[in-house]
Amino acid sequence: MIEQLLNSFMGMADTMMVSNVGSAAISAVSLVDSINVLVIQVFAAMGIGIGLMTVVGQCIGAGRKEEARYYIVKLTGYADDSCH
């Protein structure tokens, strides 16, 4: 969350730095900034997914299926019946 806030501040700072150049420069920086935010969000989601798979896989491998179900519900808000 702090990373997202800092990224937003950097986007604003980039926009302010090129504001004297012209509207085309502001548009270009805004376009690149929105793509940058999208890429960061995709990698954050992938990191959460990989972490979830690791923890749930360890729980299932150790025979602690209820604990695995707990982590699935806690981290994603969703659980299917395959953990039973």
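Modeller: Two rings of Phe, Tyr or Trp count as an aromatic pair if their centres lie within 6.5 Å. The model discussed here is predicted, and it holds one aromatic pair.

Biologist: Is Tyr-71 buried or partly exposed?

Modeller: A buried residue has under 20% relative accessible area, and an exposed one over 50%. Tyr-71 has a relative accessibility of 27%. Tyr-71 is therefore partly exposed.

Biologist: What is the mean pLDDT of the chain, and which helix has the highest mean?

Modeller: In the chain, 90% of the residues reach a pLDDT of 70 or more, and the mean is 85. Among the elements, helix 3 (residues 65-76) has the lowest mean, 86. The highest, 89, belongs to helix 2 (residues 23-61).

Biologist: How many Å apart are the end C-alpha atoms of helix 2?

Modeller: Helix 2 has 39 residues, and at 1.5 Å a residue they should span 57 Å. The distance in the model agrees with this expectation: the end C-alpha atoms of helix 2 are 57 Å apart.

Biologist: Against which helices do the buried residues of helix 2 pack?

Modeller: The buried residues of helix 2 are Val-29, Leu-52, Val-56 and Cys-59. They pack against helix 1 (2-18) and helix 3.

Biologist: Why are the buried residues of helix 1 on the same side?

Modeller: In helix 1 the buried residues are Asn-7, Gly-11 and Val-18. They lie on the same side of helix 1 because the arc they cover around the axis is only 45°. The face turned away from this buried side carries the exposed residues Ile-2, Met-16 and Met-17. The buried residues of helix 1 pack against helix 2, and the arc they cover is 45°.

Biologist: Which side chains meet in a salt bridge?

Modeller: Side chains of opposite charge can pair when their charged atoms come close. The cut-off for a salt bridge is 4 Å, and the count comes to one. Arg-64 is partly exposed, at 39% relative accessible area, and Glu-67 is also partly exposed, at 28%. With a distance of 2.5 Å from N to O, the side chains that meet are those of Arg-64 and Glu-67.

Note on methods: Residues numbered from 1 in each chain as written. Predicted model: local features only at pLDDT ≥ 70, side-chain atom pairs only at ≥ 80, totals over all residues. Heavy atoms only, no water. pLDDT = per-residue confidence, 0-100. Helix = DSSP H or I, 4+ residues; strand = E, 2+ residues; numbered from the N terminus. Buried < 20%, exposed > 50% of the residue type's maximum accessible area, 1.4 Å probe, protein only. Expected span 1.5 Å × (residues − 1). Contact = heavy atoms within 4.5 Å. Phe/Tyr/Trp six-rings, centres within 6.5 Å; stacked < 30°, edge-to-face > 60°. Arc of directions from axis to C-beta.
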